[in-house]
Amino acid sequence: MRSIFFVVAFIIISSKFSVADTIQIYFTTDDTYSIEVAKINRGDTIEWLPKNEGHNVEFLGGPDFNSLPEKSDLNAFYSVTFNSKGVYLYHCTPHGNMGMLGLVIVGNDFHNLKEIEDIELSHVAKSVLQRLIKIAKSN
Ligand SMILES: [Cu+2]
């Protein structure tokens, strides 16, 4: 009887404090990220999988511009755990100007969106960013 109580208690506790999630994004043949807008919770991890050659991940902005994740190598597996709420913008170093961008929203928190929108980008990248922001806000 006692052990059943502990099992039930464990199930309740572990469902309440759900374990951090990991989502996977890969580089497509169209020079895009397979998920352009990732909405995650604080503590979640994103893994980028080099399924197509010639791409990487380079962060351009986030809630704390002084501690952005390091730039990844071309064609390399890359993984970042997000511990600060806010909006993160990244691109592919060779294809960023062509609009290969990704947005990460942690904790549905848009407090630093203005700073993200102020980042200098090419015309194409700017319009991609605006499209991604619209998607991020609509779901
Ligand atoms: Cu690329």
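The largest nonpolar core in this predicted model has 21 residues, and the ones touching the most other members are Leu 89, Leu 101, Leu 103 and Val 104. Strand E3 (45–49), strand E6 (86–91), strand E7 (101–106) and helix H3 (123–138) each give two or more residues to this core. E7 has the largest share, with five residues. As a rule, nonpolar side chains in soluble globular proteins tend to be buried together.

Skip its neighbours within four places in sequence, and Val 104 is in contact with Ala 38, Ile 40, Ile 46, Phe 82 and Tyr 88.

Now zoom out. The chain has three helices and seven strands, and from the N terminus on they run α-β-β-β-β-β-β-β-α-α. Of its 139 residues, 23% count as buried. Take the contacts with a separation of 6 or more: residues 24 or more positions apart account for 61% of them.

For another kind of setting, look at Phe 77, which sits in the loop between strand E4 (58–61) and strand E5 (78–81). Is Phe 77 buried or exposed? Phe 77 counts as exposed because it has 10 other C-beta atoms within 10 Å, and the cut-off for exposed is 12 or fewer. Still, Phe 77 does have partners: leaving out neighbours within four places in sequence, it is in contact with Leu 49 and Pro 50.

Key. Residues numbered from 1 in each chain as written. Predicted model: local features only at pLDDT ≥ 70, side-chain atom pairs only at ≥ 80, totals over all residues. Core = buried A, V, L, I, M, F, W, Y, C linked by C-beta atoms within 7 Å. Buried ≥ 20, exposed ≤ 12 C-beta atoms within 10 Å, placed from the backbone. Helix = DSSP H or I, 4+ residues; strand = E, 2+ residues; numbered from the N terminus. Contact = placed C-beta atoms within 7 Å.
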